[in-house]
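Here are my notes on this model, as numbered points. Please read them with the structure open.

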Amino acid sequence: MSPSVPLQEMIRAIRSARTQCEERGVIQRECAAIRAQFRQADNGGRSHNLAKLLYVHMLGYPAHFGQMECVRMIASPRYSEKRVGYLGAMMLLDEKQDASLLITNSIKNDLSHSNQYVQSLALCTLACMGSAEMCRDLAPEIDRLLRASNSYIKKKAALCAVHIVRKVHELGELFVPAARSLLSEKNHGVLHGAVVLIIELCEQNPETLERFRKTVPDLVQIMKGLVLSGYSPEHDVAGISDPFLQVRILKLLRILGRNNEGASDAMNDLLAQVATNTDSTKTVGNAVLYETVLTVLDIKSESGLRVLAVNILGRFLLNNDRNIRYIAMTSLQKIVGTDHNAVQRHRGTIVDCLKDQDASVKRRALELSLALVSASNIRSMMKELLLFLSSCPPELRAHAASGIFNAAERYAPSQRWHIDTMLHVLITAGGDVRDETVPNLIQLITNASELHCYTVHKLYRALLMDISQQSLVQVACWCIGEYGDLLLKGDCQETEPVQVTEDDALDALETVLQSHMSSPATRGFALTATMKLSTRITDNVDRIRSIVSIYGSCIDVELQQRAVEYNALFRKYDHMRAAVLERMPVIEKNSPGHTNGESTGEAVKDTPAAKMKQGEPLLLQQPANQVCDLLDLLGGSEETAQPGPAVSCTAAGLPIHAASTAGGDLLDLLGGFEPVALAPAPTALVYDKGGVTLTLSCEKQSDTGLTVTLTASNSSGSDLSSFTLQAAVPKSVQLHMKAPSGDSLPARGTAKVTQMVVLNNPNKVNLKMRVRVSYTRLGSPFQDTVQIDSFPGLDAAGQ
């Protein structure tokens, strides 16, 4: 191929290459020819060769050897060469290349050129790849061009100023007067550039934001002129006058009106006018309406205007365009915590979106539906959510099940309804629920003593129908083991009478043990339930003994250990079996929360029988036989505990008493005495923002060791997810963060997240810690940092 072939011929030759190897050959030959011509002093086709090189660069092949040619062509007096040279500079150079510094003087000269198109080339290049040093050198020239009389140059200079402000924040003050004066321009291009520049200036500096709040009336007048103006072919887009400028002005008004009542009041009438007069049948009109809604919801607007904004989002939900439905639900989820009643009016439309075919729309509809659940609509909403759960995609099943569990726990109208709902979820999506679901449901069942018979019958029938849902099978096995006597009686008045024999119950548990679908944990539940039935039935104890003995040689170590221990109970400690396998006590919650639709505002109080007298010595009983001598390794002591204000209770909330038998001594391990309560460590509030509080307490472990406990709570009205704490300390201090107690903070302080941080300060330097708080609220991520310079209780120690 001849070195002088035109660009079109080179493109045709590259496209006609049959293999990649042939394509590389064509490009290598052409690049070699371009290099040779670059070395010629009287090269007349410089722009032609650089254009071909830029096409090679677009294909992904190296073209760095053309950088210096770009610098030479930018310095050329010919416009045709300048144009290609500036294009090459924007494509081949960036601020990291040393060659970019060589064009600073050329750009400065071209900014003062008499030809507006040459000035435009320089402005575009500086706005595209200008480094911080170039921006500092050329900022005065840009400020001068912002005051020029040519509208074409002013709009490009405004956009170039935006790049400069982003690169060098402190140069923003230089452009404030010029940006303010540009708002009086009539040219829409200049106005658009001015609004973009003001937005950038306001976001960079709060003081500049206060100064530009005085321009709200001017912006309102410009916006009114756009809304009320007649047809203008130059700016009309689908019947809307310059929607691009309208969207930019609305965004600027949102920034200026945020957290400012005066500015918000000045724009309320305009926003209502835009919301009512804009055509929503076209995509262009929907874009303006959406920006209007965002502005209304972000400023201190009137309540009626906020309802109007929510209604606009409700109309978006009925749009055939899935993208519009998606952004509507995203916006509604952000405000459901503050405008709950207004969003509730569109609950039916939101629930209908659960049936949408698009996965993204379906996910947003699920999140919004869960946020709309309240005590007044819990039954109707849960019916729709359970229906969705039965047919939702696998990737949404776990999220749906978790949301249903949380909503049922907070707003359940009754315990029976709560149990039925959780069982329905386990039957439908038992394989997708979280690990804590099983213990939570067991805790709920143990607290509903009047529903034990009803629950065990319902779970027994569910177990017969399906043993593939592991969580359901585990709960069913636990209930059959605990309440097997109620199952065998068959006199439950709240369900259909079913006569269950001892063989039927054991057959069900044996089926679980032998099923290939059962996990090791599920088999453990079934084996324990089988063992517990040995004290609740009379005729099939030998069969239970046979089942247990089989698993004494099981390949699973956990299951084998259980079986060996149960066999030991049968053989050596049969007199203790009834006491060891008696029914579990009621499990109380550790922290207060929402129960059955009622919010408990204080912690669970100890019963009078579980309290000990103040100042009474705490004596540990000496073991009575050899069995208790062995067990005394865990709880015995030769010394008498010191008297003190101790309050102790058993796991079941029952009074502590001396055991009279070996079995009683064994059970005392489960409900034994707790150590004397110590004075709580001093705490300090280190963070309080947006309803999220963070307290810090310290405990000195050694001369250089320290344990810091961070406790976070959420007093706002919306739940927080993905909650994480990250800590940083000086380099000489060693830091180890233990696993947090959770990653979510429910609303209204119903639960807390605790993070323990272990510090080692061998050099005893002045201890400081920086903590980063990160979480997601209503789908929006949030991140903040707090500096901790004082640690309670340790300042005197010199840490």
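**Notes on the predicted model**

1. Cys479 is buried, with a relative accessibility of 0%. Keep in mind that this is a predicted model.

2. Cys479 takes part in no disulfide. The nearest cysteine sulfur belongs to Cys477 and lies 9.7 Å away. A disulfide needs the two sulfur atoms within 2.5 Å.

3. By the distance rule, the model has zero disulfides.

4. Now the chain as a whole. It holds 35 helices and twelve strands. Of its 799 residues, 47% are buried. Its accessible surface is about 39900 Å², and carbon and sulfur atoms contribute 51% of that.

5. Residues 24 or more positions apart make up 66% of them.

6. Helix α30 covers residues 520–533. Its 14 residues span 20 Å from first C-alpha to last, close to the 20 Å expected at 1.5 Å a residue.

7. Is α30 enclosed or open? Ten of its 14 residues are buried, so α30 is largely enclosed by the rest of the structure. Among the buried ones are Arg523 and Lys532, along with Leu527, Met531 and Leu533.

8. What covers the buried residues of α30? The cover includes α27 (470–482), α28 (484–489) and α29 (502–514). It also includes α31 (541–550), α32 (557–571) and α33 (577–580).

Notes
Residues are numbered from 1 along each chain as its sequence is written. This is a predicted model: local features need pLDDT of at least 70, side-chain atom pairs count only at pLDDT 80 or more; totals for chains, interfaces and linings use all residues. Side-chain values use heavy atoms; hydrogens and water are left out. Buried means under 20% relative accessible area, exposed over 50%, partly exposed in between (1.4 Å probe, protein chains only). Helices (H or I, at least four residues) and strands (E, at least two) are DSSP runs, numbered from the N terminus. Contact means heavy atoms within 4.5 Å. Accessible areas come from the Shrake-Rupley method with a 1.4 Å probe; for residues, only the protein chains shown count as cover. The expected span of a helix is 1.5 Å times one less than its number of residues.
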